[in-house]
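Visitor: I'd like to learn how to read a few features of a fold. Could you walk me through them?

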Amino acid sequence: MNVGRVGQGFDLHRLVPDRPLLLGGIRIESPVGSDAHSDGDVLLHALIDALLGAAGLGDIGDHFPPTEEKYRNADSSELLKAVLPLLQAQHYRIVNIDSTVVLEKPKLYPYKAAIRQNLAQLLVLQVDQVSFKAKTAEGLGALGHQEAIAATVVVLLANFT
Ligand code: MG
């Protein structure tokens, strides 16, 4: 059945001192980083959830439980790489992904090209199949007060059987 399937993912983490800030596998220079059991890469976590959701394969917590010690400080790029074969096994390929990160500071503009490129590389896609956007929260709420970072991702899969 040659039909597209859409998936969406969302993730949010607290920002705390003395933690790295990673987005799409790219290290962001920041005085605060993502508080998480894994490396806290909200963009990759939302992407994984979007991919799993589109394929009807559950969510990131089902596949990589945060209660398991082996996922402490896990490299989210490796988690993503573990998900791709699950999609292939069900004969899905990725048509495109669109992503947004909400972060008050620092400005992500200098990192946009690198993040987009790295996402494409991790997903084995062309860069034009990948979109990355950065927003602020206009100083409002936990996101706006630099207490948290959030990401949303939408993905379209096509079945090639
Ligand atoms: Mg997460």
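Visitor: How are H1 and H3 oriented to each other, roughly parallel or roughly antiparallel?

Guide: Keep in mind that this is a predicted model. As a general idea, two packed helices are described by the angle between their axes and the distance between the axes. Here the axes of H1 and helix H3 (residues 76–89) cross at roughly 10 degrees and come within 10 Å. Angles under 35 degrees count as roughly parallel, so H1 and H3 are roughly parallel to each other. Their crossing is left-handed.

Visitor: Which residues of H1 and H3 meet?

Guide: From H1 you have Leu44, His45, Leu47, Ile48, Leu51, Leu52 and Ala55, and they meet Ser76, Ser77, Leu79, Leu80, Val83, Leu84, Leu86 and Leu87 in H3. By class, that contact has twelve nonpolar, three polar and no charged residues.

Visitor: Now H1 and H4: what are the angle and the axis distance there?

Guide: Read that pair the same way. Helix H1 (residues 42–55) packs on helix H4 (residues 112–123) at an angle of about 40 degrees, and the axes are 13 Å apart. That angle makes H1 oblique to H4. This crossing is right-handed.

Visitor: What about pockets? Which residues line the largest pocket?

Guide: For a pocket, look at the volume, then the lining. The largest pocket has a volume of about 180 Å³. Its lining is made up of His13, Ala36, His37, Ser38, His45, Ile60, Gly61, Phe64, Pro65, Pro66, Tyr71 and Leu79. Sorted by class, that gives seven nonpolar, five polar and no charged residues.

Visitor: Where is His91, and what is its phi?

Guide: Look in the loop between H3 and S5 for His91. His91 isn't a glycine, yet its phi is positive, about 65 degrees.

Key: Residues are numbered from 1 along each chain as its sequence is written. This is a predicted model: local features need pLDDT of at least 70, side-chain atom pairs count only at pLDDT 80 or more; totals for chains, interfaces and linings use all residues. Side-chain values use heavy atoms; hydrogens and water are left out. Axes are lines fitted to C-alpha atoms, for helices over the stretch in contact, and angles run from 0 to 180 degrees between N-to-C directions. Helices (H or I, at least four residues) and strands (E, at least two) are DSSP runs, numbered from the N terminus. Angles under 35 degrees count as roughly parallel, over 145 as roughly antiparallel, 65 to 115 as roughly perpendicular and the rest as oblique. A crossing is left-handed if the near helix is turned anticlockwise from the far one by less than a right angle, and right-handed if clockwise. On a 1 Å grid over the protein atoms alone, a cavity is a set of points where a 1.4 Å probe fits but cannot get out, and a pocket is an open set with protein on both sides within 12 Å along at least five of seven lines; lining residues have an atom within 4 Å of a point. Grid points are joined across faces, edges and corners, and a volume is the space filled by probe spheres set on the points. Ala, Val, Leu, Ile, Met, Phe, Trp, Tyr, Cys and Pro count as nonpolar, Asp, Glu, Lys and Arg as charged, and the others, Gly among them, as polar. Contact means heavy atoms within 4.5 Å.
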